[in-house]
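Dear colleague,

Please find the structure below. A short account of what was found in it comes after.

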Amino acid sequence: MAHPNLQAVAREAGGGSAAPSSVDLRQEFEAVEIAPILAQLDQELIGLLPVKNRIREIASLLLVERIRQKMSLATTYPTLHMSFTGNPGTGKTTVAMRMAGILHRLGFVRRGHVISVTRDDLVGQYIGHTAPKTKEILKKAMGGVLFIDEAYYLYRPENERDYGQEAIEILLQVMEAQREDLVVVLAGYRDRMERFFQSNPGFRSRIAHHIDFPDYSEAELLAIAELMLVEQKYRFSVEAREAFTRYIGLRKSQPLFSNARSIRNALDRIRLRQANRLVSNLDRVLSSDDLMAIEANDVLASRVFSGGSDKEGAAP
């Protein structure tokens with residue numbers, strides 16, 4: 001059965017008459033207005049070319065599927081559930097949000113919203129608690145995308161009293177029975193997701209698209225930092241940029257590095273140091289350049305340069 005939105009497309013195209021024998025592809029592409037979303041994805045995310053190419057491929061597939069529906073050529077509804085694998089801070093949540101927009105504009109989900117959850121949102125702590133929690137989340141997600149981060153934590157075979165399996169069974173049922181009204185995206189580390197699929201083959205059989213998110217290179221991380229600063233109306237001085245380039249190389253080799261997320265957190269700490277530097281001398285007049293400028297000392301004060309830790313949650 002076709003999705004209600006796609007059925008409407010077919011009705012509108014023919015006005016109740018026979019399906020068209022041809023369509024204008026450019027007109028169809030422009031009508032769904034997915035080009036701005038794809039452009040937004042390019043602007044928001046540095047690098048990740050394989051990911052962006054895969055999203056464009058999926059968008060093309062769904063556009064063709066929409067046209068086939070209009071021409072009465074579609075016979076089955078495509079499986080759209082996805083798996084996003086990669087380290088933290090590689091853009092998985094952002095891509096899920098843009099994917100939801102594409103699905104909505106093409107008519108494959110009704111609302112196009114994203115509900116992002118973890119195990120704690122789905123699994124209860126006592127008998128009878130898990131099913132209501134899971135069903136409530138599914139109810140909120142219907143018509144859009146359910147993004148389950150670190151999905152492998154749903155499965156804990158070492159704990160006989162764990163209720164994650166109950167949530168898994170409910171999810172599998174809904175992913176199959178209501179796949180025309182809900183897209184589920186499972187996300188997490190690649191190796192852990194692979195073990196999760198091996199232990200839960202029901203998930204693997206329902207996932208149509210597996211997308212791997214690579215780590216960012218040092219040059220890409222610097223570009224991400226400068227993009228974030230522009231958005232916040234800050235800028236590196238020449239010396240600060242050089243210092244931050246060194247910072248990236250050192251920080252990337254430390255534990256708990258989370259790609260763009262760690263870069264954002266580092267910039268937050270740098271802004272704290274910049275503000276402290278400015279306020280340390282109250283007898284001055286500040287210009288906009290003063291307020292925007294990140295200087296080398298704001299960066300070099302990090303513990304990373306003395307061999308210490310600069311992991312998330314550490315003091316500035």
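This is a predicted model: local features need pLDDT of at least 70, side-chain atom pairs count only at pLDDT 80 or more; totals for chains, interfaces and linings use all residues.

Residues are numbered from 1 along each chain as its sequence is written, and side-chain values use heavy atoms, with hydrogens and water left out.

The largest nonpolar core has 58 residues. Such a core is a set of buried Ala, Val, Leu, Ile, Met, Phe, Trp, Tyr and Cys residues joined through side-chain atoms within 4.5 Å; buried means under 20% relative accessible area, exposed over 50% and partly exposed in between, with a 1.4 Å probe and protein chains only. Phe84, Phe236 and Phe244 have the most contacts inside this core. Helix H4 (residues 49-70) supplies its largest share, 7 residues; helices are DSSP runs (H or I, at least four residues), numbered from the N terminus. Another core, of 30 residues, lies apart from it and includes Ala141 and Phe203.

Leaving aside neighbours within four places in sequence, Phe236 is in contact (heavy atoms within 4.5 Å) with residues including Leu222, Leu229, Phe244 and Ile294.

In the helix pair, Leu221, Ile224, Ala225, Met228 and Leu229 of H11 meet Asn259, Ala260, Ile263, Arg264 and Leu267 of H13.

His104 is located in helix H5 (residues 92-105). The C-alpha atoms of His104 and Ile34 are separated by 9.5 Å, although these residues are 70 apart along the chain.

Yours sincerely

How values were computed:
Helices (H or I, at least four residues) and strands (E, at least two) are DSSP runs, numbered from the N terminus.
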